[in-house]
Amino acid sequence: MDCLALRSAASSLCLEDVLCSQGQLRLAEHLHDGKLRRNALTSQVLRTNGRISACKASSNQDAEVTLLDYGAGNVRSVRNAIHLMGFQIKDVNKPEDIENANRLILPGVGSFAAAMAKLEEKCFVEPLQAYIKANRPFLGVCLGLQLLFDSSEEGGHVKGLGIIPGVVGRFDSSNGLKVPHIGWNVLQLKKPSKILAGVKRNHVYFVHSYRAVPLVENEDWVLATTVYGEEFLAAVSKGNVYATQFHPEKSGVVGLDIVRRFLDGGRSCEAEEISRVAETSSMRSGSTLAKRVIACLDVRSNDMGDLVVTKGDQYDVREQSGDQEVRNLGKPVDLASRYYEDGADEVTFLNITGFRDSPLGDIPMLEVLRSTSKRVFVPLTVGGGIRDFKDKDGRYYSSLEVASEYFRSGADKISIGTDAVYAAEEYLKTGKKTGTSSLEQISSVYGKQAVIVSVDPRRIYIKGPNDVPFKTIKVQTTGPNDEEYAWYQCMVKGGREGRPIGAFELAKAVEDLGAGEILLNCIDCDGQGNGYDLDLIKLVSEAVTIPVIASSGAGSIHHFSEVFLQTPASAALAAGIFHRKEVPIMSVKEHMMKAGIETRI
Ligand code: 1PR
């Protein structure tokens, strides 16, 4: 399907079908407001609730979007979303490009201070202020919303564009609130709007530590709020100017619908849709942050040199019989797309042999990311081999360069394993932050929320709680020699080497060093299908205030409700159960909903 055809197809509600179909007629079923609907898409027309709608751009200029990308992170997904709608992108290279824009998108990434410094350096501040004050079509995303305010407390007290009254401040984590606010949350619409008319009670994806709050001074701007510990501004609007704290380009079909509505100026939005605001405007009690279900793809080259999705049992990924080949469970891009269509809240790629390869020489992995980000519009994480290294010709690459290449190729977050363990050991030994570890460097440039530390612990049984200088737990089932206690030793290099550091100590140290989330694997449970290691998850959750992703051991839908009801885990990651098609992701989510767990459907 070419771009123009896609634009007319994408101009109606069922974008999920557009994403799934990759240009072919296809039927898709999805749960919507609790009812199962069936939508059909052709390249020319699209039926939604009995309507047929199509949108045509009247001129080439109509099909152009100006993008203000100041080069601080992954805006590939925004680009992909715009292209998917059939629009072309004109990048802002000089101030006049802002003045000449038809519609302008500012997908802010990185820190507030760095963003303002870039805008000032490039002389974009004044034209941007003039453009917005003239009420011309504008969409700011995430930091692109925050920059509109008077100032931010991020990185000191930094002046913003001064369009909206208020100071952007940090979420308060002193009461145990996990910060960053990462994940899918719901909007409380405060006024009618064209661009949010399709959101209703669906969740959208947030990832941020700073937020602006509603004030009397900015009440004419408030479009939607969300509650996370407190009420904050999730979207603002005035006239043709919109900005969202959440990421529409990462919010699946719901978010793409928002992008589409902005791009077509709300033309396809009917009055009846605008007036549905009341449906979502009542405050819900309790947390509306959904517990995430993450599909994980362990990838590596097989013996023929092809990049495949594999899956181990306790980290052993080779078949036990025959030639003991690397298990091949499918192609990375196809599987990731399938999980997106099935409702995964995030997709994670772990390059499990990255610790011994040269990641930047790993063109297939970068290509996998680029292709996946064209088809998958939920957050993508990539891990494996993120460290400083020299290639075979002796050229040195910093971990920051490696991460930057992953971000440019479509990753929203990177995950560090082995190198974070070494950094934590060094930090605990000296008590000093060097600022040079991969973890510190990447999180200072891209923000904490973009950096996950992946922990590979194994359980070691001991007789007494003080037998080791690490935090221990009293086990529920005693060890092979009737041991009543255990500690969790961190492993590196894909579980091949044990290090003198426990999972509790590691988690604390990496939070200090700048990790935004912990991906908590468990070598004992990996691939066993007997459920998550709840003791381990509780132990590590106690150590940190950042979100913990439970991983390893899911074997049934009940394991998901168990981990969410019995531990503070923010997300549950699983691999084998999905690869082997034992349980569809949607069944997991329906089960979670029935168990009273906030879930994104
Ligand atoms: O150390 O920075 O190069 O990162 C390597 C990354 O690769 C780490 O995140 C490490 O966890 C991962 N890794 C290394 N070797 C293996 C292996 O399996 N041989 N995979 C490996 C880790 C664990 C999970 C798995 C869950 C869920 N696999 O990713 O997907 O356990 O599985 P399940 O639901 O089937 O039980 P670096």
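Predicted model: local features only at pLDDT ≥ 70, side-chain atom pairs only at ≥ 80, totals over all residues.
**Exercise 1. Describe the shell of residues around the ligand.**

Solution. 
- Step 1: count the shell. The ligand is surrounded by 25 residues.
- Step 2: pick out the closest. These are Lys 311, Thr 418, Ser 454, Asp 456 and Asp 526.
- Step 3: sort the shell by residue class. The shell holds 9 nonpolar, 12 polar and 4 charged residues.
- Step 4: look for strands in the shell. At least two shell residues come from strand S19 (292-301), and at least two from strand S33 (571-574).

**Exercise 2. Identify polar atoms of Tyr 315, Asn 521 and Gly 553 that lie within 3.5 Å of an N or O atom of the ligand, and state how much of the ligand the protein covers.**

Solution. 
- Step 1: take the ligand nitrogen. A polar backbone atom of Tyr 315 is 2.8 Å from a nitrogen atom of the ligand.
- Step 2: turn to ligand oxygen. For Gly 553, a polar backbone atom is 2.9 Å from an oxygen atom of the ligand. For Asn 521, the atom belongs to the side chain, and its distance to an oxygen atom of the ligand is 3.3 Å.
- Step 3: apply the cut-off. The values of 2.8 Å, 2.9 Å and 3.3 Å meet the limit of 3.5 Å for a polar contact.
- Step 4: On its own the ligand has 770 Å² of accessible area, of which the protein covers 98%.
- Step 5: The space it takes is the largest pocket.

**Exercise 3. In what order do the 8 strands of the open sheet with mixed pairing run, and which strands are at its edges?**

Solution. 
- Step 1: write the order. It is S6-S5-S7-S8-S18-S17-S16-S13.
- Step 2: find the strands that pair on one side only. These edge strands are strand S6 (88-91) and strand S13 (188-189).
- Step 3: examine the pairing at S6. Strand S5 (residues 64-67) runs parallel to S6, and 4 bridges join the two. Within this pairing, Thr 66 has Lys 90 of S6 as its bridge partner.

Notes: Residues numbered from 1 in each chain as written. Heavy atoms only, no water. Near = heavy atom within 4 Å. Polar contact = N/O pair within 3.5 Å; in protein donor to acceptor, adjacent residues only side chain to side chain. Areas by Shrake-Rupley, 256 points an atom, 1.4 Å probe, with all protein chains shown as cover. 1 Å grid on protein atoms, 1.4 Å probe; cavity = no way out; pocket = protein on both sides within 12 Å on 5 of 7 lines; lining within 4 Å. Sits in = over half its atoms within 2 Å of the grid points. Nonpolar A, V, L, I, M, F, W, Y, C, P; charged D, E, K, R; others polar. Pairing = 2+ DSSP bridges.
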